Amino acid sequence: MLTQPFLVALLFGAVTAGVPLLLAGMGEQISEKAGVLNIGIEGMMLLGAYCGFVAAYYSGSFALGFLAGGLGGMAVASLVALLCVRLGLNQIVIGIALTLGAEGLTALLHHFQFSRTYPRLDEAPVLALPLLADLPILGPALFAHNPLVYVSVALVAFLGWAFRHTYAGLNLEAAGVKPAALDAAGISVVGTRIGAVLATGFLAGVGGAYLANVGAGLFVPFMTHGAGFIGIVLAMLARGKPLWVLIGAALFGLSLALTTALQVAGINIPTDIVQMLPFALIMLVLVVFARHSVLPAALGLPYERGER
Amino acid sequence: MGHTDGPPQSVRPAGADSAPVLPSPVLSVRTLTKRFPGVVANDGISLDFHAGETHVLLGENGAGKSTLIGMLAGMLRPDAGEILVQGSPVRILTPRQSLDLGIGTVFQHMLLVPSLSVIENLMLGGPWWQRLARGAAYRRFAELSECLGISLDPDLPVGHLSLGQQQQVEILRALWRDTRVLILDEPTSMLTPQGVRDLSAVLCRLCSQGVAIVLVTHKLAEAYDLGDRVSVLRQGRLVGGIAADEHRGMTEAQMTDQVIAMMFDPAHAPMADERAILLGRGNVHAPSVRRGAAPCLEVRNISTMPRTAAHGLQGVSFDLRPGEVLGIAGVDGNGQKQLAEVIAGQRAPSSGTVLVGGKDVTQGDVAARRNAGIRYVTDDRLGEGTVGSLSVAINLLLKNVGAEPFWHRGIADWARIRQAARDDIQRHDIRTRSEQTLLAKLSGGNIQKVLLARELGKAEGDVKVIVFSKPTHGLDLHNAQLAHRRIRESAAAGRGIVLLSTDLDELLTLSDRIGVLFQGRLVGIVDNGPGAGAAIGRLMTGAVAA
């Protein structure tokens with residue numbers, strides 16, 4: 001079973017499946033650091049996927065597709081910013097509502113646009129990294145991907161650095177742990193959180209666009225399949241460390257890829273069971289690690305000046 | 001006094017070596033007014049704050065001190081009146097504007113991010129798109145620390161510091177920019193006596209460097225020791241003050257008499273012992289302890305498991321005799337809550353025994369302890385003491401729900417419940433619209449009265465021991481007086497009292513003996529008397545018993 005094509009397909013699939021999780025997880029991490037529990041991230045991914053697909057379909061440019069996806073995600077995020085951060089409404093209720101709303105909206109838009117057809121995009125452009133791509137197995141599996149994959153991994157390092165070495169990083173931490181302290185230091189808590197939520201929307205939207213344009217090559221309603229929720233789990237388990245989001249995304253990407261890889265290998269397991277694998281893994285991971293997760297003290301609490 | 005003299009080098013250029021002879025004030029407020037629904041929190045207040053001077057704002061809880069501070073710090077917006085910085089009117093709408101005007105504030109509740117290090121907390125507030133200027137921050141930290149005589153490790157997470165050290169960080173932060181006015185809101189309320197001494201040394205240095213200091217307090221002794229000038233607020237109004245030259249020529253007693261006359265309605269004038277508390281010099285205790293009697297409470301070698309952020313108890317033992325008030329001192333979080341809960345039966349000790357009247361009740365739950373004669377007046381009045389969404393009447397019976405004679409086979413006898421509540425409301429002077437009013441609508445003082453009525457009321461059975469946890473925390477003076485009176489009455493009636501408090505003056509006024517909890521250990525028990533305060537202060541910082 002561990003033949004070369006099997007391993008390549010498995011690892012390649014893991015990257016493809018893992019990148020949307022990575023982007024969503026990093027996005028969610030930014031929000032959670034700032035004290036906003038962003039349940040609506042699933043909706044942001046979905047609208048990002050739709051906008052990204054439409055933009056890429058009509059323009060033929062994948063880069064434009066990703067940008068449109070990010071903006072689509074930000075559109076949903078701006079509602080979170082308005083309703084939860086600015087007006088202080090319940091983040092869980094609004095998050096669920098936005099996810100359900102985005103599901104309905106994208107299905108409806110897709111139906112108007114394409115009726116019952118599911119047009120495909122061309123093959124996504126691939127950037128093979130020189131030298132690394134020539135390695136056996138690892139080369140074709142890890143180093144011959146869409147450029148966005150490398151950007152996402154670079155973003156992990158950048159975020160890790162920015163959290164520790166920029167004022168933005170301090171502001172996010174303070175907004176999540178002790179917002180009143182940030183306010184007293186002369187920085188707007190609401191402004192900081194809105195920035196964080198919009199950044200989350202952009203990353204989640206790009207992740208959704210990658211899922212549609214690169215992962216599937218087409219848009220299908222409800223296609224995110226809980227990727228946003230896995231992102232929330234990753235962010236919660238990563239304790240504010242982007243590297244752990246990367247590790248978690250790799251793990252879940254691998255378990256998602258097993259579905260395809262096992263079919264390639266011709267192993268006769270019912271696909272329904274294989275498709276349960278990532279979610280069974282989530283529950284297992286939560287049972288084992290969840291009690292170690294440390295969440296910011298003010299997570300989920302709206303901030304109003306003068307209420308301490 | 002120009003504020004454009006380059007980047008922040010020191011707190012203030014220390015060039016002017018003599019105290020200025022009343023130049024124009026650095027900061028003034030003119031007829032400042034702030035209304036909240038139903039109250040005028042600040043009513044036309046006009047004050048001047050001068051460089052190199054410590055200006056004390058005195059007043060009871062609710063007198064409007066914190067409101068005034070809030071407006072200067074940009075946390076609240078005034079409804080009328082103006083604020084002037086060096087003679088020119090300014091508008092302070094956000095904390096940022098206040099900081100930019102050179103006003104630094106140390107709030108009553110710590111406003112630090114516990115997960116960030118000292119230096120990171122100080123750097124908070126820079127432009128978000130920039131890299132942290134760590135090098136410059138360390139230089140500024142060293143400079144300010146030296147200037148103030150503070151020694152702290154800048155890389156330690158703030159959550160690991162003591163409250164006194166955290167306050168030093170807050171002062172550093174308030175001075176971080178070119179600060180001309182430093183405002184401190186009740187800065188000594190959480191400090192040990194040693195911490196208070198350190199603080200006053202820092203304030204002296206700042207004054208000599210030309211910073212204007214605004215010190216908010218309700219303690220007269222502090223006003224006398226630290227202040228150059230005193231202003232007294234009552235019910236949102238400025239009711240009087242003592243000017244700087246006047247203050248210098250006064251003895252403490254003279255000043256005290258004058259200020260007390262300003263602070264209180266004649267109707268609510270404090271009694272001698274409350275005055276002692278205000279002064280922080282109190283020792284007018286009349287003991288009612290029955291020395292020969294067998295102890296009513298014996299705590300033997302109690303230990304508990306440590307929880308996050310709180311110390312577990314380690315081998316705590318003491319005896320309590322009928323009529324005795326045993327004070328338990330210590331900085332918050334050193335095991336007070338655990339001790340109270342172990343005695344009340346809300347927390348199981350990992351080892352040790354609790355005996356009431358010679359009977360072992362260690363295994364008993366809350367109800368069993370109550371039957372054995374233990375009452376517990378918690379400091380968490382809204383959290384575990386009462387249920388805000390239930391009526392006053394039910395809250396008065398909260399520990400007897402379902403029991404005769406107010407319930408018959410589980411059916412409530414409302415007529416009887418409400419009659420009993422009306423009696424209690426009258427007897428304990430609880431200010432509420434009716435017995436049906438939801439408890440959450442009551443003021444803090446009245447909630448405390450409900451709690452006291454329930455725990456100390458005519459109470460079925462024989463009450464032997466009462467545990468009070470911070471009984472006057474957050475109450476105004478009148479209600480604090482009432483609570484103190486109830487504690488003394490209970491002791492005089494022959495009950496043993498365990499009084500846990502972080503207010504040393506309160507302990508010195510009420511207790512016969514005072515034990516000190518430090519990191520979960522009872523490090524010493526001191527007989528109350530002259531010099532007890534100093535001995536307790538040493539124990540509170542962890543020094544070995546003298």
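This is a predicted model: local features need pLDDT of at least 70, side-chain atom pairs count only at pLDDT 80 or more; totals for chains, interfaces and linings use all residues.
Chain B has 19 helices and 22 strands; helices (H or I, at least four residues) and strands (E, at least two) are DSSP runs, numbered from the N terminus. An automatic or database domain assignment supplies the domain bounds. Domain 1 covers 27-116 + 178-269, domain 2 covers 292-373 + 463-546, and domain 3 covers 384-460. Taken over C-alpha atoms, the centres of domain 1 and domain 3 of chain B are separated by 39 Å.

Of the 546 residues in chain B, 46% are buried. A residue is buried if 20 or more other C-beta atoms lie within 10 Å of its own, exposed if 12 or fewer, and partly exposed in between, with C-beta atoms placed from the backbone. Contacts are counted when the C-beta atoms of two residues, placed from the backbone, lie within 7 Å. Among contacts in chain B with a separation of 6 or more, 68% come from residues 24 or more positions apart.

Strand 9 (residues 229-234) and strand 10 (residues 237-242) of chain B run antiparallel and are joined by 5 bridges; strands pair if DSSP finds at least two bridges between them. The two strands form a hairpin with 2 residues between them, and B:Gln235 in the turn has a positive phi of about 45°.

B:Thr386 sits in the loop between helix 13 (381-385) and helix 14 (392-396) of chain B. B:Thr386 counts as buried because 24 other C-beta atoms lie within 10 Å. Leaving out residues up to four places away in sequence, B:Thr386 touches B:Arg381, B:Asn395, B:Leu398, B:Leu439, B:Ile447, B:Val450 and B:Leu451. B:Ser303 is 83 residues from B:Thr386 in sequence and 28 Å away in space, C-alpha to C-alpha.

Where the chains meet, 24 residues of chain B are in contact with 21 residues of chain A. On the chain B side, helix 2 (95-100) and helix 3 (118-123) each supply at least two residues, and the largest share, 3 residues, comes from helix 2.

Key: Residues are numbered from 1 along each chain as its sequence is written. Chains are lettered from A and ligands numbered from 1 in the order in which they are written.
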